[in-house]
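This report covers the pockets of one protein model and one of its strands. The sequence and structure come first.

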Amino acid sequence: MMFRDRVDAGRRLATELAGYKGEDVVVLALPRGGVPVAAEIASALDAPLDLVLVRKIGVPDQPELAMGAVVDGEVPLVVRIPQIIRSAGVDEATFERVVAAELAEIARRRQIYLGDRPRARLAGRVVIVVDDGLATGATAKAALRAVKQQDPKRLVLAIPVAAADSLADFAEEADAVVCPEPQQRLDAIGHYYDDFTQTSDEAVQAILARCPAERAREGRGDAAGS
């Protein structure tokens with residue numbers, strides 16, 4: 001195993017990202033698994049922590065196979081993987097039904113994770129987007145595109161472990177990609193952790209409760225997914 005758990009993975013990433021300490025940084029986690037990873041980075045960089053509410057759009061009879069992803073927003077941002085949609089024989093009506101179901105889950109998470117919590121301002125800042133691993137990259141790609149719309153100064157993707165060929169696809173999506181363990185042949189993400197227990201809603205709530213959404217001296221802003 002490369003990582004004991006998500007906390008260990010976050011600490012490894014924080015070491016790789018240490019050069020950003022002292023800059024105007026905000027850390028954005030992809031819930032749920034990315035939250036404990038991102039919390040360690042935010043703590044090490046003395047940066048605020050916020051969320052990008054993004055969901056994979058899975059093929060109906062193979063929900064782990066991503067045919068796209070959707071990000072929360074006034075107008076939700078949808079990323080499609082056309083080759084998967086075609087090969088799975090998914091029609092537009094079916095695709096839209098899955099999108100609607102994932103938007104319902106995003107709404108649930110927005111309510112229980114964020115509620116009235118202030119959102120981090122992204123414009124003009126170094127924004128580090130974090131998850132616990134990357135296979136196809138559909139959700140990370142959607143998250144980065146949503147964040148880019150808010151004009152960050154620099155956009156960084158930080159991932160503990162990822163498929164090397166998927167990482168290559170992110171050259172135009174982020175200004176920098178940090179991944180300490182790229183894999184030529186990626187197994188299930190959980191294989192690279194000793195403890196890959198699913199992160200619960202309660203764990204996300206507890207982490208957000210102890211990690212500030214914004215520095216006190218700064219005003220309330222809008223983060224991706226607000």
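The lining of the second largest pocket divides into 7 nonpolar, 3 polar and 3 charged residues (nonpolar: Ala, Val, Leu, Ile, Met, Phe, Trp, Tyr, Cys and Pro; charged: Asp, Glu, Lys and Arg; polar: the others, Gly among them). The model is predicted: local features need pLDDT of at least 70, side-chain atom pairs count only at pLDDT 80 or more, and totals for chains, interfaces and linings use all residues. Residues are numbered from 1 along each chain as its sequence is written, and side-chain values use heavy atoms, without hydrogens and water.

A pocket is an open set of points on a 1 Å grid over the protein atoms alone, where a 1.4 Å probe fits, with protein on both sides within 12 Å along at least five of seven lines; lining residues have an atom within 4 Å of a point.

| Pocket | Volume |
|---|---|
| Largest | About 1,100 Å³ |

Closest to the centre of the largest pocket are Lys56, Glu64, Asp131, Asp132 and Thr139, among 34 lining residues. In the second largest pocket, Ile81, Gln83, Thr136, Ala138 and Lys141 lie nearest the centre. Helix H3 (82–87) gives the largest share of that lining, 3 residues. Helices (H or I, at least four residues) and strands (E, at least two) are DSSP runs, numbered from the N terminus.

Strand E1 (residues 25–29) is largely enclosed by the rest of the structure, because 5 of its 5 residues are buried (under 20% relative accessible area, 1.4 Å probe, protein chains only). Val25, Val27 and Ala29 point one way from E1, and Val26 and Leu28 the other way.

Methods: Points joined across faces, edges and corners; volume = space filled by probe spheres on them. Buried < 20%, exposed > 50% of the residue type's maximum accessible area, 1.4 Å probe, protein only.
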